[in-house]
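Please look at the sequence and the model below before reading on. The report that follows goes through the parts of the chain and the contacts between them.

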Amino acid sequence: MEAVPRMPMIWLDLKEAGEFQFGPSVKQFISKNYGENPDNYNEQIKKLETLRQSTHSPTYAPHQNQCP
(Lines give C-alpha, C1' and ligand atoms only; values in the text may rest on other atoms or scores of the structure.)
Protein backbone atom coordinates (compact mmCIF):
# COMPACT_ATOMS: atom_id res chain seq x y z
CA MET A 1 0.00 0.00 0.00
CA GLU A 2 2.99 2.29 -0.01
CA ALA A 3 2.50 3.22 -3.66
CA VAL A 4 -1.07 4.38 -3.11
CA PRO A 5 -1.28 8.08 -2.25
CA ARG A 6 -3.48 9.05 0.68
CA MET A 7 -6.45 11.19 -0.15
CA PRO A 8 -7.83 13.70 2.32
CA MET A 9 -11.19 12.84 3.83
CA ILE A 10 -14.18 14.66 2.41
CA TRP A 11 -16.39 16.28 5.03
CA LEU A 12 -20.12 15.79 4.52
CA ASP A 13 -22.76 17.55 6.56
CA LEU A 14 -25.00 15.43 8.73
CA LYS A 15 -28.46 14.84 7.33
CA GLU A 16 -31.50 15.30 9.49
CA ALA A 17 -34.94 13.90 8.91
CA GLY A 18 -37.87 16.11 9.69
CA GLU A 19 -40.93 15.10 11.61
CA PHE A 20 -42.83 12.46 9.74
CA GLN A 21 -45.80 10.66 11.23
CA PHE A 22 -46.28 7.36 9.45
CA GLY A 23 -48.59 5.99 12.13
CA PRO A 24 -51.82 6.73 10.21
CA SER A 25 -50.47 4.96 7.12
CA VAL A 26 -49.39 1.93 9.16
CA LYS A 27 -52.78 1.80 10.85
CA GLN A 28 -54.54 1.92 7.50
CA PHE A 29 -52.27 -0.86 6.21
CA ILE A 30 -53.00 -3.03 9.26
CA SER A 31 -56.73 -2.53 8.91
CA LYS A 32 -56.81 -3.12 5.16
CA ASN A 33 -54.42 -6.07 4.90
CA TYR A 34 -54.89 -7.87 8.21
CA GLY A 35 -58.46 -6.93 9.12
CA GLU A 36 -57.42 -6.16 12.70
CA ASN A 37 -58.14 -3.15 14.88
CA PRO A 38 -55.13 -0.86 14.31
CA ASP A 39 -55.63 0.81 17.70
CA ASN A 40 -54.27 -2.39 19.27
CA TYR A 41 -50.86 -1.37 17.91
CA ASN A 42 -50.68 2.24 19.15
CA GLU A 43 -47.87 1.57 21.62
CA GLN A 44 -45.73 -0.34 19.11
CA ILE A 45 -46.24 2.28 16.39
CA LYS A 46 -45.25 5.05 18.80
CA LYS A 47 -42.07 3.14 19.77
CA LEU A 48 -41.24 2.65 16.10
CA GLU A 49 -41.72 6.36 15.35
CA THR A 50 -39.55 7.31 18.33
CA LEU A 51 -36.81 4.91 17.25
CA ARG A 52 -36.89 6.21 13.70
CA GLN A 53 -36.65 9.82 14.85
CA SER A 54 -33.72 9.08 17.16
CA THR A 55 -31.78 7.32 14.41
CA HIS A 56 -32.39 10.10 11.89
CA SER A 57 -31.43 12.99 14.15
CA PRO A 58 -27.74 12.54 14.92
CA THR A 59 -25.93 14.88 17.24
CA TYR A 60 -22.66 16.40 16.27
CA ALA A 61 -19.80 16.66 18.76
CA PRO A 62 -17.36 19.16 17.15
CA HIS A 63 -14.75 18.75 19.90
CA GLN A 64 -14.55 15.02 19.14
CA ASN A 65 -14.84 15.41 15.36
CA GLN A 66 -17.20 12.46 15.24
CA CYS A 67 -20.77 11.47 15.91
CA PRO A 68 -21.42 9.99 19.34
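## Salt bridges and helix packing

Lys 47 is exposed, and Glu 43 is exposed as well, where exposed means over 50% relative accessible area, buried means under 20%, and partly exposed lies in between, computed with a 1.4 Å probe on protein chains only. This is a predicted model, in which local features need pLDDT of at least 70 and side-chain atom pairs count only at pLDDT 80 or more, while totals for chains, interfaces and linings use all residues. Residues are numbered from 1 along each chain as its sequence is written, and side-chain values use heavy atoms, with hydrogens and water left out.

Lys 47 and Glu 43 form a salt bridge, with their closest N and O atoms 3.5 Å apart; the term stands for a side-chain nitrogen of Lys or Arg within 4 Å of a carboxyl oxygen of Asp or Glu. The two residues are 4 apart in helix H2, and thus separated by about one helical turn. As a general point, an α-helix has 3.6 residues a turn, so residues three or four places apart point the same way.

A search of the whole structure finds 2 salt bridges, and the table sets them side by side.

| Salt bridge | Closest N and O atoms |
|---|---|
| Lys 47 and Glu 43 | 3.5 Å |
| Asp 39 and Lys 27 | 3.9 Å |

Asp 39 forms its salt bridge with Lys 27, and because Asp 39 lies in the loop between H1 and helix H2 (42–55) while Lys 27 lies in helix H1, the pair ties together parts that are 12 residues apart in sequence. Asp 39 counts as partly exposed, at 47% relative accessibility, and Lys 27 also counts as partly exposed, at 26%.

The protein chain has 2 helices and 0 strands, these being DSSP runs numbered from the N terminus, with at least four residues (H or I) for a helix and at least two (E) for a strand. Helix H1 covers residues 23–34, and its 12 residues reach 16 Å from the first C-alpha to the last, close to the 16 Å expected at 1.5 Å a residue; the expected span is 1.5 Å times one less than the number of residues. After H1 comes Gly 35, whose phi is positive, near 65°.

How do the axes of H1 and H2 cross, and within what distance do they come? The axes come within 10 Å and cross at roughly 140°, where axes are lines fitted to C-alpha atoms, for helices over the stretch in contact, and angles run from 0 to 180 degrees between N-to-C directions. H1 and H2 are therefore oblique to each other, since angles under 35 degrees count as roughly parallel, over 145 as roughly antiparallel, 65 to 115 as roughly perpendicular and the rest as oblique.

Where the helices meet, Gly 23, Val 26, Lys 27 and Ile 30 in H1 are in contact with Asn 42, Ile 45 and Glu 49 in H2, contact meaning heavy atoms within 4.5 Å. Gly 23 counts as buried, at 5% relative accessibility, and the C-alpha atoms of Gly 23 and Glu 49, 26 residues apart along the chain, are separated by 7.6 Å.

Tyr 41, by contrast, sits in the loop between H1 and H2 and is partly exposed, with a relative accessible area of 28%. Leaving aside neighbours within four places in sequence, Tyr 41 is in contact with Ile 30 and Glu 36.
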